[in-house]
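Have the model open as you read.

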Amino acid sequence: MAVEKQRRGSRVARLVFARLLPLVLIIAIAVVLVGVAQNLLRYLGEQSEATSRRPAYAATATAIAEITPEGDVKLNLAKLFEPPAQDITFATNTPQAVVEPTMPPTPDITATPRPLPTLFVYQGPDVVEANGTAVPTPVEAVDRHGMDLLNIVLLGHDGELTNDGFIRTDTMIIVSINRTAGTVSMLSLPRDLFVYIPGWTMQRLNLAYIHGESIGWTGGGFGLLRQTIFYNFGINVHYYAMVNLSGFRAVVDAVGGVDLAVDCAIENLPLIGADVPASAYRSDEVGNYVLPVGYYHMTGGEALWYARSRDNSSDFDRGRRQQQVLRAVLRRARDQGLFNNIIPLWNEGSQYVETNLAIEDLLSLVPLALNMDSTRIESFNLQRLYHTTPWTTADGENVQLPNYEPIRQTLVDFYSPATDSQLVSEGSSIRVLNGTANADWDRVAAERLAWDGFNPTAAGAADRTDYTDTVLIDYTGRTKGSSLEQIAHTLNVRPENIRLEPNANREYDFDVILGSNYNSCTVAGVLPVGG
């Protein structure tokens with residue numbers, strides 16, 4: 001019994017411990033962007049000061065200051081770090097050891113972004129069937145709509161747990177940064193997608209990286225993963241960033257923890273390396289814990305448990321929760337003003353990130369990072385039985401076959417700028433009131449609306465706390481271009497609880513009064529929790 005329990009614990013550790021790895025990555029990307037911005041602002045301040053002192057430069061110019069024909073001063077930092085043309089000896093009373101300083105390369109912060117990497121398009125496949133299923137033909141590239149897109153795939157692997165050199169990228173999130181529209185889209189790819197890996201066979205997507213590493217594919221593991229994603233989904237991923245789990249708890253705790261709105265109750269056993277949230281309660285004799293619907297402040301260890309849990313859900317839902325935690329981390333850092341003192345966070349987090357991004361790539365993202373908020377971040381997740389079909393391989397492995405047409409439409413939306421309906425959503429003012437005795441339910445519902453593109457206000461308690469049904473009141477009187485239907489769908493408001501009360505002097509376009517039967521958990525595959 002003890003042996004079986006130990007095996008189960010080991011299996012749980014191996015399967016779920018690495019799921020949250022991209023969280024450290026998002027934090028790292030966020031802090032490095034802000035750190036770069038901070039350095040850029042400092043540089044601009046120094047330039048301004050240099051301009052004010054320009055009249056004095058002509059008299060004091062040295063080899064590190066060049067006067068341009070226009071009379072401007074241009075610092076030549078390369079010359080600053082050059083060794084002197086001859087030895088210089090200083091008088092001293094005590095013999096001193098000569099230490100040759102090692103100067104780090106100085107990035108040119110005025111440089112423009114590098115051209116995006118060119119993708120070598122795989123010519124194949126050479127077979128029509130592999131591993132018990134037909135090999136699909138390569139899909140067409142998804143239309144970029146003329147937008148300047150920079151795509152990064154965030155990877156998390158289980159190498160720390162297995163310690164056998166055979167890493168699996170069980171977490172894969174594509175972040176598409178639209179530098180034209182100033183928006184960001186995130187798409188989670190399930191590890192069990194059964195796809196064609198160019199030059200190899202039909203296999204799980206999470207094995208593409210390690211196969212590329214093992215065979216020496218051009219560009220290594222990322223090179224083959226990039227080719228696999230393009231072959232099967234038509235998305236050209238330009239860069240990657242991969243992390244391990246070692247510093248996740250420390251980094252999350254360094255930003256003061258995160259605030260998370262739990263709209264789908266989670267039931268799970270304790271997980272190795274994570275902490276069961278303090279607000280969870282024991283639900284059975286086996287040792288399961290339930291975290292009910294609510295708004296919680298979580299430490300790094302508690303956030304790990306929340307986003308790694310899958311006993312009553314699936315990899316698909318876990319991808320949604322991972323993205324939720326990523327957004328909460330960014331919000332927390334911004335709200336706490338940590339962007340003004342972000343260098344220590346980056347110094348701690350950067351040691352866990354492996355990436356092919358360069359400083360000039362990050363510089364191009366600084367303006368976007370400084371103006372980014374949650375309304376400009378869209379999240380996309382594939383849905384089991386719609387985007388994928390469960391299938392069992394000849395070896396008895398359970399995988400997910402991609403359904404081309406539904407996935408294609410989602411990827412078109414993933415690449416597309418905001419639609420008219422999204423603009424209507426963002427323009428609608430919504431007040432959310434808590435008509436129950438459950439603490440902070442107004443914040444939970446407001447976060448749920450924000451996930452769908454709205455910009456609501458969590459307004460606290462309603463006129464009373466004994467509402468049973470959730471009520472939606474429309475004050476706009478609109479028949480076209482209204483967000484009423486979408487709000488009702490997002491919060492699961494029944495038609496009989498929708499009221500039309502046009503008011504030209506309204507303070508808000510909509511009021512939502514939450515009742516005790518409020519349930520906005522519409523995620524497929526999430527099972528009811530125990531009592």
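Let's start at the contact itself: Ala 445, Arg 448 and Leu 449 of H16 meet Ile 487, Thr 490 and Leu 491 of H17, where contact means heavy atoms within 4.5 Å. By class, this contact has 4 nonpolar, 1 polar and 1 charged residues. The model is predicted, with local features needing pLDDT of at least 70 and side-chain atom pairs pLDDT 80 or more, while totals for chains, interfaces and linings use all residues. Residues are numbered from 1 along each chain as its sequence is written, and side-chain values use heavy atoms, without hydrogens and water.

**How the helices cross**
- The axes of H16 (residues 441-451) and H17 (residues 484-491) come within 10 Å and cross at roughly 120 degrees.
- H16 passes H17 in a right-handed crossing.

**The two sides of H17**
- Leu 484, Ile 487, Ala 488, Thr 490 and Leu 491 are buried (under 20% relative accessible area, 1.4 Å probe, protein chains only).

**Surroundings of H17**
- The cover over the buried residues of H17 includes H16 and the strands E20 (430-434), E22 (471-474), E23 (498-500) and E24 (510-514).
- Asn 492 follows H17 and has a positive phi, near 60 degrees.

Technical notes:
Axes are lines fitted to C-alpha atoms, for helices over the stretch in contact, and angles run from 0 to 180 degrees between N-to-C directions. Helices (H or I, at least four residues) and strands (E, at least two) are DSSP runs, numbered from the N terminus. A crossing is left-handed if the near helix is turned anticlockwise from the far one by less than a right angle, and right-handed if clockwise. Ala, Val, Leu, Ile, Met, Phe, Trp, Tyr, Cys and Pro count as nonpolar, Asp, Glu, Lys and Arg as charged, and the others, Gly among them, as polar. Buried means under 20% relative accessible area, exposed over 50%, partly exposed in between (1.4 Å probe, protein chains only).
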